[in-house]
Amino acid sequence: MEMQEQIKKLLTNKTFVQGMLIILLIIPLARPLGLPIRIDQHSINFYNIIENLEPGTKILFNYIPPVVLMGDLVPQSIPVIYHLFSIAKERNIKIYFVGLSVADGILQLLDTEVFGTIGKPEDYGLKYGEDWCNLGFVAGGDIAWSTFAQNIRASIQYDRYGNPIDSLPMMQGVNSVADFDLIINCGEYNTMIVRHWGTPYNKPILVLCLTGAVVQDVEPFYRAGQIKEYLAGVRAAADYEKLVNRPGRAIASLDAISISHIFLIALIIIGNILYVMERASGRE
Amino acid sequence: MGGISVLRKREIPMAIIFIISMIFVVQYYVKGVEPLDTLTNTLGNWAIIFSALAMGIGLINLIIIHGRKVMDRKGEWYFDAWLILIMLVTFGLGAIGGTEDPYYSFIFNNVYQALSPTLFSFAYLYMCTIAVQAFRVMNWDAGLLMLAGVLTMIANIPMVQVQTGLFVELKNWIFAVPARGVFTAFRISLALGFVLIGIRVILGVERGYLGVEEA
Amino acid sequence: MAYLKNIVGLALLALIMVFYVITYWLITRKKVMPKFRTLPGLLALDEIVGRATEMGRPVLHSTGRGALYSSGVGTTLASFVIYGEVARRCAKMKTELITAIGTAEHIPIIQSIAENAYRSENALEELKYENFVFVGGSQSSSNARIFALLEQRKPASFIVTGGYGADLCTLGGAGRAAGCLSLCGTTNTYQYPYAVAAYDYWLIGEDFLATAAAISKDPPQVANIWAGDLFRFLLVGLIVIGVVLAWLGFNISEYLTI
């Protein structure tokens, strides 16, 4: 009974649970265990969609991960953008980066985190203004998405680097979301993107999103066909790193995910065993 | 007039909201009218400008509210002074040098970008603590909740996924059938709720955003 | 050449307006007042403020980080309504109210709501402006500041309403650890499980959006909610018809985007 009480106290002790979690997360990060991984079907589908893009495809990439969520979203975007850059030149794929968000997405992470890790687009033979461009950040939420969708030039006249967008060769004939072939969203507000860009213009949407409850939100749209495919969380990022054969921080953190999940499940099971024992002895 | 400025009357903001909302609603359903499309694009741009202005208003509000505390030397006023100093320095560096400015980048990369995810990680720690306490088999509902939660967690463990696909299939079923049904219902209800609140705002029934009541 | 798009959507919107007109007529002319389902979260407001009064400690209310210019406006407005009600009760019971404001643009609106609430209870001199605390516009900064407030000011009750992300769970855990009686109000579907698990009382989804009508019992607001409920029956009927037609092999979804 005493041991039961001790264990019960530990389980309800915030310091113990969180302290143990931190230790169990640090160990595999400091010394990777190299555990095997199984690639999820969603990641495979996502990879195949990018791999089978038609020549001349125009991709609108809305890159708006908030800084607080960069731990989940940036590891996904790195292998995806690497994949896009690898095939863009040979297939004449045009990539239009933009940052339309409510107020909290950080387009600058594209330069610092993504290009800082995989290299600049020029390293892949892509020319700014002809193969890729960065249309800049516009705050405003639904109004911004809606205005941009109908008339790009109504909301953006200059790109991120101060060039008039009409001076970019790849902007010729691109006036609204209807002129793009694929939309990729990295950030929050996935359902808003579906509402403003996907459904009205019947465009396929790929989504890089968080794991957990956000996936529950994306699933109905995925099943209805409004979102073509999604990657969810660091787990999917690790899958994609393996698929493009470019291990990075996501694969490195999988061991930590495994260990912490096992610890949590153990705590939940122990807690329930104690609870059942308590109820049984209470009845007696 | 009783000392109330005509600019503060509720009727003017409500009239503006009604007219502009009706323009957007009509434009959403009636296509092919160019003057209407041009008007909504212009109004949309104004809205984007206003939302950017709102951030500027936020800056001014902060200076007022924290400046008052600094002037009155109330409580931990030195933290308020520090906040105002850092805010103005960061704003100034960004406004003058742009986001490429090395000092601005230093503050962004080494302070904001480092601290934000660190503090966000508390969410995971608290979620775990709450999960351990909440997942108790007290009754059938709680038992089902625990079962679904534990199955999903097991399915997310890479080690287990490699050994067997059973848990992944179960997790996919939970996501695709019960969870999806519930979240679809939530989404429909919420969308209807937002439509209703939009109608209330357009018709002037909902006036909370105006703040001030007439005396 | 002008043409109509989203005709089905327009028809449904028109139906909602027709229901609204009918329910408003029923309430104002026929004096039929529908009964609201009991919202435990709203009922708990008395207990939440009362607890703070008895213990001589303040109420901490965090109004969220939602914007007034995005689709989260409904959540923000509902948060303002609850805040006004909390402020009114605190003014009535002479309980200290600390307001944590997550969006800088809302500061004057929230101060205005508080002034109005305190004035309505003839307690304007009790309102302390130093209790309006801006907690920063991001999750991490608001977490840090609210943790500090919970630690330093030791509120007896903790109310969290408005636009939140994953910090809703963190705040709930922190409030529980600080020994507060807590209430949360959110429409963020991702956070419903945490709202239920981490807080003592909750108002989620439509319950939260309907609070204005539930609190004020104002006929236009009540009529609006009632119209929504009637429309919901229609939606259920359409869903059932759609399911039956889908069984029979007829795909109705392509006609819904006309």
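Which elements of chain A make a right-handed β-α-β unit? In this predicted model, the unit consists of S1(A), helix H4 (residues 70-91) of chain A and S2(A). A crossover counts as right-handed if, with the strands pointing away from the viewer, the path from the first strand over the helix to the second runs clockwise. Helices (H or I, at least four residues) and strands (E, at least two) are DSSP runs, numbered from the N terminus.

Residues are numbered from 1 along each chain as its sequence is written, and chains are lettered from A and ligands numbered from 1 in the order in which they are written. Local features need pLDDT of at least 70, side-chain atom pairs count only at pLDDT 80 or more, and totals for chains, interfaces and linings use all residues.

Strand S2 (residues 94-101) of chain A pairs with two strands. Strand S1 (residues 58-64) of chain A joins S2(A) in the parallel sense over five bridges; two strands pair if DSSP finds at least two bridges between them. Strand S3 (residues 132-139) of chain A also runs parallel to S2(A), with six bridges. Tyr96(A) is the bridge partner of Leu60(A). Tyr96(A) also has a bridge partner in S3(A), Cys133(A).

S2(A) is mostly covered, with eight of its eight residues buried (20 or more other C-beta atoms within 10 Å of the residue's own, C-beta atoms being placed from the backbone). In a regular strand, side chains alternate between the two faces of the sheet. Lys94(A), Tyr96(A), Val98(A) and Leu100(A) lie on one side of S2(A), and Ile95(A), Phe97(A), Gly99(A) and Ser101(A) on the other.

Definitions and conventions
A residue is buried if 20 or more other C-beta atoms lie within 10 Å of its own, exposed if 12 or fewer, and partly exposed in between; C-beta atoms are placed from the backbone.
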